[in-house]
Amino acid sequence: QVALKRVSPEDSPGPVGARHRREYLNLSCLRHPSILQVYDYGVDHRDGARWFSSEVLRGPVSGELAGNLSLHRWLEMCQGILSPLAFLHRNGWVHGDIKSDNVRFRDVPRDESPLDPVLLDFGLGHLQGHPDEHKILGTPHSMAPEQWLGEPPGMHGDVYSAGILFYQWWCGRLPFTGNDRSRLVRAHLQDDPPALDRLRSGLPAEAIECLQKMLEKRPDDRPR
């Protein structure tokens, strides 16, 4: 069995179709156990719709577990994404859109079985310093401050977005909420996230300190 990711005939000739093809090309040259494995790419001769095939993921997106994870499971999930992220960065790649919807499990999580998260959606992925698009793109609730200021997504931005993700996984909510874009910009640029231990207790001080560093406003202040 394979899964298909398809772009509509109407969108295939434009930017969405181009991003879809770029995602396939990016994924086809990135081989890691926790990065989605892709197989074939094609264009439907009947209507021009673009598609690519990939492995089948049977589990939910990671956000469905947010706020209900034990410390052990939370650490397991964080490590499960830090591993492919470190692989990307070692090889000079940027993901550009790390968020809960872009992490999915290969299988339905069960109490005793290891979690197997997979990093998805490489449509904004690129080699560091060589973005394919120069307008502001990404997910507003997860975008790093420098991206709001017009800089292209970079490795430091991936670290920030991963910090947002890990924060959400632990306490079940994003640090900055709402849909008002101007408020989100101000929050990412100026505001401190609500203290994690006030939203949900049980996270060790070392983990809280690590997340705080990942969410620093200045890119150079974040861990690499």
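How many helices and strands does the secondary structure of the protein come to? The count is seven helices and seven strands. This is a predicted model, so local features need pLDDT of at least 70 and side-chain atom pairs count only at pLDDT 80 or more, while totals for chains, interfaces and linings use all residues. Residues are numbered from 1 along each chain as its sequence is written, and side-chain values use heavy atoms, with hydrogens and water left out.

**Figure 1. The whole fold.** Reading from the N terminus, the elements run β-α-β-β-α-β-β-β-β-α-α-α-α-α. Helices (H or I, at least four residues) and strands (E, at least two) are DSSP runs, numbered from the N terminus. Along the principal axes, the C-alpha atoms fill a box of roughly 55 × 45 × 35 Å. The radius of gyration, taken over C-alpha atoms, is compared with a globule rule of 2.2 Å times the number of residues to the power 0.38. For 224 residues a compact globule would come near 17 Å, and the protein's 18 Å agrees with that. Of the contacts (heavy atoms within 4.5 Å) with a separation of 6 or more, 69% join residues 24 or more positions apart.

Figure 2. The accessible surface of the protein is about 11600 Å², and carbon and sulfur atoms hold 49% of it. Accessible areas come from the Shrake-Rupley method with a 1.4 Å probe; for residues, only the protein chains shown count as cover. Buried means under 20% relative accessible area, exposed over 50%, and partly exposed in between (1.4 Å probe, protein chains only).

**Figure 3. The largest nonpolar core.** A nonpolar core is a set of buried Ala, Val, Leu, Ile, Met, Phe, Trp, Tyr and Cys residues joined through side-chain atoms within 4.5 Å. The largest one here has 49 residues, and those with the most contacts inside it are Trp 74, Leu 88, Phe 166, Trp 169 and Leu 203. Among the elements that give two or more residues to this core are helix H1 (15–28), helix H2 (71–90), strand S5 (103–105) and helix H4 (155–171). H4 supplies the largest share, 10 residues. Zoom in on Phe 166: leaving aside residues up to four places away in sequence, Phe 166 touches Trp 74, Cys 78, Ile 81, Leu 82, Leu 211 and Met 214. In soluble globular proteins, nonpolar side chains tend to be buried together.

**Figure 4. A salt bridge between Asp 47 and Arg 6.** A salt bridge is a side-chain nitrogen of Lys or Arg within 4 Å of a carboxyl oxygen of Asp or Glu. The whole structure has 10 of them. In this one, the closest N and O atoms of Asp 47 and Arg 6 are 2.8 Å apart. Asp 47 lies in the loop between strand S2 (38–43) and strand S3 (50–54) and Arg 6 in strand S1 (residues 3–6), so the pair ties together parts 41 residues apart in sequence. Asp 47 is partly exposed at 35% relative accessible area, and Arg 6 is partly exposed at 47%.

**Figure 5. Salt bridges within helices.** In helix H2, Glu 76 and Arg 73 are three residues apart, about one turn of the helix. Their closest N and O atoms lie 2.9 Å apart, and Arg 73 is buried, with a relative accessible area of 14%. Glu 209 and Lys 213 meet at 3.5 Å, N to O. These two are four residues apart in helix H7, or about one helical turn. Glu 209 is partly exposed at 42% relative accessibility, and Lys 213 is partly exposed at 41%. Elsewhere, salt bridges that share partners join Glu 55, Arg 106 and Asp 116 into one network.
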